[in-house]
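Work through the exercises below with the model open. Each task is followed by its solution.

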Amino acid sequence: MTTTTIAVIGAGIGGLTAAAALHRRGIDVHVYERGDTLREQGVGMHLGPNGTRLLTRMGLTEQLARKAVRPEALEVRAFHDGSTVARQEMGAAWEERFGAPYLTVHRGDLHRMLASLLPAERVHTGRELTGYEEGAKGVTLRFAGGTVTRASALIGADGVHSLVRRRLAGPERPVYSGNCALRGLVDAAELPDLDPAQMYMFAGPAGRVLLYPVRGGRQFTYVAVAPAPEGLDESWTSAAGPADLDATLAGWAPQVRALVGAAREVRRWALYDRAPLERWSTARTTLLGDAAHPMLPHHGQGANQAIEDGVALAICLKEEASGAAGIAAALRRYEATRRPHTTRVQLGSRDGQPTTTEKRNPSMTNNSGNTDSNNNRNVNNQAADVAWILANDVEADLNVNNNNLHSNAA
């Protein structure tokens, strides 16, 4: 029997962020990962200013500068001929506007950065949680193989198939979006017509292809989203192949068709989410990241919201008194801060699906009927729709709220 203060279940982006933020504040924390090694599958991901401002405060500025890319612009192109129909400037303009950069990064690179912030002995691999019980003195965690651990609080960061979520919320039915994504990595040299300093979205009649640079611009991550019948596995790493990509991109522009020959590996991601929860926490247990609010990828906010969760949780646990009452108060404050915000982001991600975008702006599927200025105005309006997400500073908000509480108490 071992005893810890905070137990984090799951060593993904959210779990490692929470653990690193807790460790940075001097809180005893241990992470338990079911996999035998500490690794993160996947391809690229977006880091909005709401996420990068927190990561830089955690000491990752230099590592992000080496591994991530700050795209200079997003170009929207017509699916059939690749012509540019709109352009959104990003780069320095967005960094000045939001107070932090918008970056694209390989998920594995960010995972390694976060792991570097924790002593190795704080992360335990090969630990699959099979059950837990809350009691007056803490939480008892039971793992496959018979290991038992005690903690003062349990953080479920164990993803979309979270055992902790099932215990808190009961059985649920995944909500299918009607779309499936094929995604992977290609070397930038294989797409010579695309600038690895930019992001691209090719918008079609019922789907889209997004390409964005990672690994210092040496590679592009591609994501091809298109309608698909329900029944696919709820997984973002299911195997697919070049033939699937070929069929999905039939009739698309040459710049997009080049993906078929360049892609070495293709993964299928059926796009499911869950209905927002009405409760995340008990007196000693709470949820974080995809375990709390699995969302569709259309705002690029899944990892960013998990990063915000992790930092917010650490702040709340640090600022409350120790003991059972303090932990319960910290988890209540964390949920009260995060759940309304992530619910809004989660539901907004549903509205950002490709078919919705095409209905808002049919000109994205061809070049007829609209001027460049109208197209640019439309893509700028879409950027404005998510500006409130990118501008969020959860750490500053918690500090302001905390100061207000003290002022009111005085």
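**Exercise 1.** Locate R333 and decide whether R333 is buried or exposed.

Solution. R333 is found in helix α10, residues 324-351; helices are DSSP runs of H or I with at least four residues, strands are runs of E with at least two, and both are numbered from the N terminus. R333 counts as buried because its relative accessibility is 13% (buried: under 20%; exposed: over 50%; partly exposed in between; 1.4 Å probe, protein chains only). The R333 side chain also comes to 3.0 Å from the backbone oxygen of L398.

This is a predicted model, in which local features need pLDDT of at least 70, side-chain atom pairs count only at pLDDT 80 or more, and totals for chains, interfaces and linings use all residues. Residues are numbered from 1 along each chain as its sequence is written, and side-chain values use heavy atoms, with hydrogens and water left out.

**Exercise 2.** Describe the pairing of strand β5 with strand β14.

Solution. Start with the sheet: it is open, has 8 strands with mixed pairing, and runs in the order β6-β5-β14-β15-β16-β13-β18-β17. Its edge strands, β6 (84-89) and β17 (238-239), each pair on one side only. Strands pair if DSSP finds at least two bridges between them. Strands β5 (residues 73-78) and β14 (residues 199-203) run parallel and are joined by 5 bridges.

Note on methods: A polar contact is a pair of N or O atoms within 3.5 Å; within protein, one must be able to donate a hydrogen and the other to accept it, and residues adjacent in sequence count only if both atoms are side-chain atoms.
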